[in-house]
Amino acid sequence: MINTWGATAVRLIRGQSAPVTYGLMVACCLVFMISPVSGFNPVYGTGDQLLAAQQDYFARWGVVPSELISGVPRAARGPLTALFVHGSWVHLLGNMLFLYVFGAMVEERMGHLQFALFYVGCGYLALLAYAAAHAGSDQTLVGASGAISAVLGACLRLFPKARVTSLFPFLFFLPLRFPAWVVLPFWVTLQWLAALQGGQGPGVAYLAHLVGFSLGFLYAWVRYGRTDRVKRPAPATEGDSQP
């Protein structure tokens, strides 16, 4: 275990195998650390002043569906900048975990430039789709979940037999290993059920997750053909995923 994580740490620091994945993780973490959300930047003050700074920060760099759909010029950049903005430590760490576990495999398969364009493009479209479905909403949407969901969709298509270690609450958080074709559809089902229940709390946009996942799967299907995928059992992913 120590050797495995040591080798992983070296790869993460060097960023040799998946520089785009690791670069995205670093960028998201840096943006979060200097933002008023992290609580580490004294420039934003405390108390009500800090809360006001956080609201302004989300409104400026996130997606406000009503503004985006109505054609406000500055709102067009929202689906791009929102990919690097997160609403809390839990939101950030959850997204980075999924990106770390699945991003490197997909990037190595697609290539660095193609993966970067795929990530940004699918993430933008996922947030745009959510805004279109909630055109009258003034609630700000932030986070990389739509783009990361696209990575999961592509991973399911390209690496259906990759082994994923998962923690299931209803099984007392026992770490169990399942192939991606079991874990990822289970995750999608959870997102779909949550979307049907109308759960759209802060930082939770289940429709964006579903759109992103579908875009990623379809892109991999069309781009790499119906038979061009890894058929042999792929190596275990470097980390744990929690559906």
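This is a predicted model: local features need pLDDT of at least 70, side-chain atom pairs count only at pLDDT 80 or more; totals for chains, interfaces and linings use all residues.
## Overall composition

The chain contains 10 helices and 3 strands.

The chain has 243 residues, and 43% of them count as buried. Its accessible surface amounts to about 12,300 Å², with 67% of that area belonging to carbon and sulfur atoms. Contacts across the sequence can also be described by separation: among those between residues at least 6 apart in sequence, 74% join residues at least 24 apart.

## Helices α2 and α6

Helix α2 covers residues 19-34, and its axis comes within 8 Å of the axis of α6, the two crossing at roughly 170 degrees. Angles over 145 degrees count as roughly antiparallel, and α2 and α6 are therefore roughly antiparallel to each other.

On the α2 side, the contact is made by Pro19, Val20, Thr21, Tyr22, Leu24, Met25, Cys28, Cys29, Phe32 and Met33. On the α6 side, the residues are Trp89, Leu92, Met96, Leu99, Tyr100, Gly103, Ala104 and Glu107. Sorted by class, the contact of α2 with α6 has 15 nonpolar, 2 polar and 1 charged residues.

## Helices α6 and α7

Helix α6 (residues 89-110) also packs against helix α7 (residues 112-133), at an angle of about 130 degrees and with the axes 7 Å apart. That angle makes α6 oblique to α7. The crossing of these two helices is right-handed.

In this contact, α6 contributes Leu99, Gly103, Val106, Glu107 and Met110, while α7 contributes His112, Gln114, Phe115, Phe118 and Tyr119. The residues of the contact of α6 with α7 divide into 6 nonpolar, 3 polar and 1 charged. Leu99, Gly103 and Glu107 of α6 take part here, and these residues are also listed in the contact of α6 with α2.

## Leu83, a buried loop residue

Leu83 is placed in the loop between α5 (78-81) and α6. Is this residue buried or exposed? Its relative accessibility is 1%, so Leu83 counts as buried; the cut-off for that class is under 20%.

Which residues does Leu83 contact, leaving aside its neighbours within four places in sequence? They are Cys28, Val120, Gly123, Tyr124, Leu127, Gly143, Ala144 and Ala147. Of these, Cys28 also belongs to the α2 side of the contact with α6. The C-alpha atom of Leu83 is separated by 6.7 Å from that of Val142, although the two residues are 59 apart along the chain.

Gln54 is found in helix α3, which spans residues 47-61. Because its relative accessibility is 18%, Gln54 counts as buried. When residues up to four places away in sequence are not counted, Gln54 touches Pro36 and Val37.

Gly94 lies in helix α6. With 28% relative accessibility, Gly94 counts as partly exposed, a class that lies between the cut-offs of 20% and 50%. The C-alpha atoms of Gly94 and Ser145 are separated by 9.3 Å, and these residues are 51 apart along the chain.

Note on methods
Residues are numbered from 1 along each chain as its sequence is written. Side-chain values use heavy atoms; hydrogens and water are left out. Axes are lines fitted to C-alpha atoms, for helices over the stretch in contact, and angles run from 0 to 180 degrees between N-to-C directions. Helices (H or I, at least four residues) and strands (E, at least two) are DSSP runs, numbered from the N terminus. Angles under 35 degrees count as roughly parallel, over 145 as roughly antiparallel, 65 to 115 as roughly perpendicular and the rest as oblique. A crossing is left-handed if the near helix is turned anticlockwise from the far one by less than a right angle, and right-handed if clockwise. Contact means heavy atoms within 4.5 Å. Ala, Val, Leu, Ile, Met, Phe, Trp, Tyr, Cys and Pro count as nonpolar, Asp, Glu, Lys and Arg as charged, and the others, Gly among them, as polar. Buried means under 20% relative accessible area, exposed over 50%, partly exposed in between (1.4 Å probe, protein chains only). Accessible areas come from the Shrake-Rupley method with a 1.4 Å probe; for residues, only the protein chains shown count as cover.
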